[in-house]
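Reader: I would like a close look at one part of this protein. Please take me through it slowly.

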Amino acid sequence: MIRILHLTDFHLNIKTLKDWNDYLKEAFFKKLAEIKKEKEIDLVLFTGDMIDQAGKDFGSVILGLQKFNENIIDPILGALDLDISRFIICPGNHDIDRNVDKNFQEKGLKEELSSIEIINSFMDSNANDYDGIQRIKEYKKFEFDLYNQVKDKVHSKFKFSIKLDINGKSVGISSLNSSWRCFGDSDYKNILIGENQLNDNFNFVKDCDLKIALMHHQLDWLSEIESKTIKSHISSNYDLIFSGHVHETDIEHVQNLTGSSLRIVSPSGLNRIRQKEIDYINGFSIIDYGENVKCHFLKYNKNLKIFVDNTDACDKGIIEFNLKALPSIANKKKISHLLDDDFLEFLNDSGANFTHRGKTLTLNDIYVAPFMEQFNLIEEKENEKGTSVKSEDILKKIVLKETKHVVILGEENSGKTSFCKQIYKGSIVEDKTISIFIKGRDIQKVSIKDIQNQINKEFRKQYKETFDFTKYSLLVIIDDLNNCRIPQKSIKTFLNNLYQLEIQTVVTWDEFFTFTEILESQVTTVEIYEILKFGGRKRSELIRKWIDLMDDDFENDQAKEFQIKELSKIVNSVIGKNLIPSLPVYILTILQANELNNTTNFEQSTFGHYYDVLIKSALGQIIKANAEIEKYYSYLTEFSFWLFDNETIEIDENDFMLFHKSFIDKYRVQLSFRESLHILETSNLIQKNLDLYKFKYKYIYFYFIGKYFSDNIENNDVQNIVTDLSNKLYQTEAANIYIFLSHHSKSRFIINQIIERAKELFADELIIGFNTDIKKINELINETAKNIDFVTDKSFEDEHDDTYNEELAVENDHKNEEIDKISQVNKAFKTIEILGYIIKNRYASLTGVDKIELVEELYKLGLRSLTFLFNTFIEGEDYIKNEIIDLIKKDPNSALTVRERENLAKQFMFNLLYMVSYSIFKRISSSISSKDLEITFDDVKKNYPYRHNQMKKIMQ
């Protein structure tokens, strides 16, 4: 057992020093002698306000603290036979000089320290000076001198922790400075500790058997900026938390998801000793820490002039606790208790403006689990190619930790994000599992430290409390990694470093080929699945779920089944024409439009019209006049360009008001800012988050910025922007803007730009032939497999490992060229998609010659891309070799013959090329296949009779 004496708030000045000597000292040391006789006191903790008003009565902070050391610290240590390492202090607001920093400095600093990241940066940048915080300088000098001879400690401006060995137990004490931001009389809810101060101190004591934190202020005094983070971190990582400041006794046993800790507040030991107020108590506390914790509270009886049990604090002045083990997350029945409200709203959001009878639908209302297809590069399962896997089974494997790294592929709007949300919610209710959700576009750096920082940052945003990650399994979900803001060449390093962290991961991506190139040597260590489009079964399941939302509308089950069949006919007729992909967002839009009696003819509409329906129906629930809806269309169109022009996705209210004024001036209309903002927020088109406004869903922004460029396509500046976008189609944002631009505009300029880009891509590659070329490829596979030297190159491994620790991938010119090609493949795929969209969207207005040109360019670009991909893989002997070596290493007892290794290499190459070919053909066919274009296909086949069969297969 370890016995601790807790003191606080003596407020030493000339008056209280006299009170100490005249009244309290004799009674205090007499009681200490009684306690020591029963059991030795091992440790003394003093939680701030040792002196009063920065030592004003003694001439300075330093002189006041020296007087405290002389009259309080030294006598107590002498009475208890302890040295200075057993008397630990932390600063209170009276131990610093709040007058030395200027008002203007304080105001500027208060405004600047507006986020955890900025606070951390400030504390790091001020490691060697006290700029802006001169107030703590004298206290720190005293502290440095006081503990100068103590050996096992970490000690700097924002660090002070000591390790002790007490009764065979290692004890770590962290003295936290909660007073460095104290200024004036408005400290409440403005106190800052700083995450770095907390982390740096904890890292020093984290291996100790008992971890103790000292801080002058209670946790409810912390600023909202960091309150949640600091509270949770302390509760998670420290066993005992001592504080003072409020001059009263309090104790709280905190036992929740973060662990178990005891927060102890003691009353003032000396202040106002002469006052006869019954409610004002002076005293101290004795804590016995062992298997159980016993707290003994004592108070000074002013009449008897002795210390007695503080029965005002608890019965007999003694309270005991049994600190239980860490509770599991599974004990939390509602994740709403666990997750931040804003993040929980995100998890439940359906991703689009779907409503039913005025009620906004959540993801749970409409989610239908898709089928998926698994990519396997090694096992030869010819009879299973094309078979589907239930995504529910994949979800179960992830939740039960039966797989470590999973990649989910899928085109935009295929449901990747919705599936990630299901994984998150499914995993978080499992015992001792923490899920972290990261959006790909938020990833900007790639080093291991940066990835860990990103995980910590997202954790703070997603959870109400903080956890010690070492006590839980960690599942990191990265959605749309292909949208990340780092260069393509650095994503390899990011993934390698991510997998080095030895945590469970789920990553979503768009294209199989580009991901395998990025993944490189990790390709056989992950399970890769692709989300499939909804077939008839899944469409029916979604329609049934929609109908179930209006169960009370039907007289009987027969009427309900009839409605399901009628809706299925409508949906299937649209999907059958291949004008839109069979994805949930479009099916749900048809269902919503049908409910609203929308007059849109979906059998003649491409996907741009579906988003138009969602936006118009959202506004239509609030605004009835078409003219008013048109006005808001203009408003949102101009707003989208305001964001685009300012290179941002969100603005604060002041900037929003500036935009509003510019709109009023340009269009000369009457429109109230508050009213328009209310309408746009209520209709879920604009969202406010942390005082910033943005489009709630990405498709709304893309729809309106596409409309802006369409409306202004004759403007030279706009044409330059469109040209730039067409050159950046490998970027998701640029591709989406161009697709919506193609929906809004019939300008020949847009078509010419996309045709030019198509012709430029892989211009040096020949169109692959499906007879002679495939025969040569088969021969090359056999030759390559036979010639591969499977001896492990240790120098290669060492070099490969080094790249894992780079902040950004630094690669040779050849590798940089390969990564550029990956971007070109992305660009080619998006170009194919846009060409197909233009053809299907405008098949009735384009001339026959125009349609032939577009179809030919789409077709030839797809085949040139395939040629490039084949050449890339066949030439990648080192890549294939190291994959096979990696597979052999996984089975150390395996003794493969040379023939078996050759067969393994051939199977690997064959499966890889098969999947690439399948991906390309699927891209071409899904982009262009339509019954409305049968005549055009016949015309193209006549122009290329020697490719008749291969074109027929692709276009069907």
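How many bridges join strand 25 to strand 26, and do they run parallel or antiparallel?

Author: Keep in mind that this is a predicted model. Four bridges join strand 25 to strand 26. The two strands run antiparallel.

Now look at the partners. I686 has F695 of strand 26 as its bridge partner. Q687 is bridged to K694, again in strand 26.

Next, the turn. Strand 25 and strand 26 form a hairpin, with two residues between them. L690 sits in that turn. Its phi is positive, at about 55°.

Helices come next. Helix 19 spans residues 626-645, and helix 20 spans residues 653-667. Their axes come within 10 Å. They cross at roughly 125°.

Which residues make the contact? On helix 19 they are K631, S634, Y635, E638, F639 and W642. On helix 20 they are D655, F656, L658, F659, H660, S662, F663, K666 and Y667. Sort this contact by class. Eight residues are nonpolar, three are polar and four are charged.

Move on to helix 22, which takes in residues 698-711. S710 has its place there. Is S710 buried or exposed? The cut-off for buried is under 20% relative accessible area. S710 has a relative accessible area of 13%, so S710 is buried. What does S710 touch? Set aside its neighbours within four places in sequence. S710 is then in contact with L741, H744 and S745.

For contrast, turn to a parallel pair. Strand 20 (residues 433-439) pairs with strand 21 (residues 473-479) in the parallel sense. Seven bridges are involved. Strand 20 is mostly covered, as six of its seven residues are buried.

Terms used. Residues are numbered from 1 along each chain as its sequence is written. This is a predicted model: local features need pLDDT of at least 70, side-chain atom pairs count only at pLDDT 80 or more; totals for chains, interfaces and linings use all residues. Side-chain values use heavy atoms; hydrogens and water are left out. Axes are lines fitted to C-alpha atoms, for helices over the stretch in contact, and angles run from 0 to 180 degrees between N-to-C directions. Contact means heavy atoms within 4.5 Å. Ala, Val, Leu, Ile, Met, Phe, Trp, Tyr, Cys and Pro count as nonpolar, Asp, Glu, Lys and Arg as charged, and the others, Gly among them, as polar. Buried means under 20% relative accessible area, exposed over 50%, partly exposed in between (1.4 Å probe, protein chains only). Two strands pair if DSSP finds at least two bridges between them.
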